[in-house]
Amino acid sequence: METIKKFKVLWEIIPKKDKVYYIVYSIISIAHSLLFVLLPFLYRDIINAVTAGFYPEKRAFLYIVLTIAGYASIRLWSLINVYKKEKLTKNLLDKLFSSILKMDFKSFLRKDAGYWASIFSNDVDFASQLYSDFLYTLPAEFITFIVILVILFIYSKPLLITVTIVLSMVTLISLLREKYVIPHYDRAQESLRITSDHINAHLKGIDDLIHYRGESFLKKKFLKDFTPYIHNIKNYFLRDFLNEYAINFLNEFGKFAAIGISLLFFIRGNYSFGTAVMLITFATMAYGRASYLVDNMRWLQNYPPHIETIKEAIESPQFEMEDQHTGNFEESILNDVSFSYDEKFVLENFNMYIKKGEIVALVGKSGIGKSTVLKIISGFLKPQKGEVIFLQGKPKIGMLFQEGRLFNRTLKENLLIAKPDATYEELVEALKKAGLLDWFEKLSNGFDTQIGQTGKLISGGERSRLSIARIILFDPEILLLDEPLTGVDQDRKEEILDTLKELLNGKTCILATHDKSLLRIAHRVTYITKEEDAYD
Ligand SMILES: Nc1ncnc2c1ncn2[C@@H]1O[C@H](COP(=O)(O)OP(=O)(O)OP(=O)(O)O)[C@@H](O)[C@H]1O
Ligand SMILES: [Mg+2]
């Protein structure tokens, strides 16, 4: 029944306008399939005429024309579909991309990168194939199947009974697969995912692992992760082989039974030879349709549980970064803001304000909630209670994250996300303002230099300054700087402070920090404390 649920989800995530195409597709496919149902009748007549001793010219001609027309149009139709399939996959991916970017920040972070990677690499592809191949041909296959059963009912009840019994058994066996085979597959996939997540996570901390000579520790750990995969995948293949074998055996048996029954009735004189051949063809077609349906059901059964996640991502409450900034803002106020990540409140009835042109330092102990305050002002996090008020117009806000998020992409790409249409000169200018010009001029690959995962290939100080260059390009009205001096050594600090001072001239800025040297450039300090431990 899981399969039916997955099927429903698959249907629900088809974009609305594609549903119209789907209906047109189904109608044309049904017409096609029914055309092929006509053919056995024609060759029954041809065989009967030939056995009676004359050549049915008109029928033979019609047969040839219908066959050619049928196959030709099917090919043409598939050609149109190749294009449609591609578009469908692209639509699905587009939708997933933008949904993931706009997903509620907290629920997005709950899943790790490996999780999303596996959805993108396998599941989207899988889903779009299921869409285009299975879902689109299903009505035609199903209706043809029913029509064939009706024909068998009219011409030969014994044959209908045999076909029904065999196919009921096939259906039962493939349903049992859901219970006895698929759980092994799911478990195998899950262990594989866990293993790759762990490997990924450890690769991020590879320096530490090398430093602490963690090789044998890791080997043991990865093997422990991996053993369940081997165990489950072996079980899965074995059981699946038996299951498929039973289904194939029944199908073949069913075909032989159809031949036997039809020929028997022909010998006993109930059917003409043409009718016998026609009935054999119909029975074979019925098995063909059925195994098509069963094959796709097997596929759908194997479909990783992520279809639910794809749907969840597409339909999750979308978080909007408000882009319409109207400028001319005069003041921003945090009014009785309370926020918690889980049960425990980080901020309770927190108040602060900032006027246009002010530089305010936000100071407090580590873990007190400074970064949280900035994320609330920037709109990343929504407070459970209280509000952020902007008086007279919504400002454009730029935030420099404490963790200094750079992407594992080129220098250029890292800058362009702040201003996609920036010119070469603008990029250089931003680097210059952030004090990175000397560094940049020494890069042999220039803007195409790979920055490395979370900026690993460049130094901590360079990373800080690159983040500053990026925010210069973004050119916001309010700057939220979270520990902008992280990773900067004492000598460089002065230099960057000067850069910041110049950059912040006339701008509105909140500086979250516990670095006393930054207080020098602030006009005012706001302390963030907990009642039980007043700030010293
Ligand atoms: N994503 C999260 N999920 C759950 N708890 C979180 C999350 N981010 C922060 N916290 C918790 O909320 C509290 C405030 O965190 P926050 O990052 O705002 O502190 P901070 O004042 O910026 O600290 P620091 O000076 O060390 O940067 C901390 O106790 C932290 O453990
Ligand atoms: Mg912080």
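**A walk from the ligand shell through the parallel sheet**

Helix 12 (residues 370-378) contributes the most to the shell around ligand 1, with 3 residues. Helices (H or I, at least four residues) and strands (E, at least two) are DSSP runs, numbered from the N terminus. This is a predicted model, in which local features need pLDDT of at least 70, side-chain atom pairs count only at pLDDT 80 or more, and totals for chains, interfaces and linings use all residues. Residues are numbered from 1 along each chain as its sequence is written, while chains are lettered from A and ligands numbered from 1 in the order in which they are written.

Start at the ligand. The residues around ligand 1 are Y341, V346, G364, S366, G367, I368, G369, K370, S371, T372, Q402 and H514. A residue is near a molecule or strand if its C-beta atom, placed from the backbone, lies within 6 Å of it. By class, the shell holds 3 nonpolar, 8 polar and 1 charged residue. Ala, Val, Leu, Ile, Met, Phe, Trp, Tyr, Cys and Pro count as nonpolar, Asp, Glu, Lys and Arg as charged, and the others, Gly among them, as polar.

Now step back to the whole chain. The protein has 17 helices and 8 strands. Of its 536 residues, 27% count as buried. Buried means 20 or more other C-beta atoms within 10 Å of a residue's own; exposed means 12 or fewer; partly exposed lies in between, with C-beta atoms placed from the backbone. Among contacts with a separation of 6 or more, 81% join residues 24 or more positions apart. Two residues are in contact if their C-beta atoms, placed from the backbone, lie within 7 Å.

5 strands form an open sheet in the order 5-6-7-3-8, with parallel pairing. Strand 5 (397-400) and strand 8 are the edges, and each pairs on one side only. Neighbouring strands of this sheet are turned by 20° against each other on average, direction ignored. The axes are lines fitted to C-alpha atoms, for helices over the stretch in contact, and angles run from 0 to 180 degrees between N-to-C directions. Two strands pair if DSSP finds at least two bridges between them.

Strand 3 (residues 359-363) is mostly covered, with 4 of its 5 residues buried. It runs parallel to strand 7 (residues 508-513), joined by 5 bridges. There, V360 stands opposite I510. Strand 3 also runs parallel to strand 8 (residues 524-527), through 4 bridges. A361 has V525 as its bridge partner in strand 8. Strand 7 pairs with strand 6 (residues 478-482) too, in the parallel sense over 5 bridges. L481 has L511 as its bridge partner in strand 7.

D475 sits in the loop between helix 16 (460-474) and strand 6. Its phi is positive, near 50°, although D475 is not a glycine. D475 is partly exposed because it has 13 other C-beta atoms within 10 Å. E483 lies in the loop between strand 6 and helix 17 (490-504). This residue, also not a glycine, has a positive phi of about 45°. E483 counts as buried because it has 21 C-beta neighbours inside 10 Å.

Finish with helix 2 (residues 16-51). At 1.5 Å a residue, its 36 residues should span 52 Å, and its end C-alpha atoms are 54 Å apart, which agrees. The expected span is 1.5 Å times one less than the number of residues. Its buried residues are Y25, S29, S33, P40, R44 and D45. G53 follows helix 2, with a positive phi near 100°.
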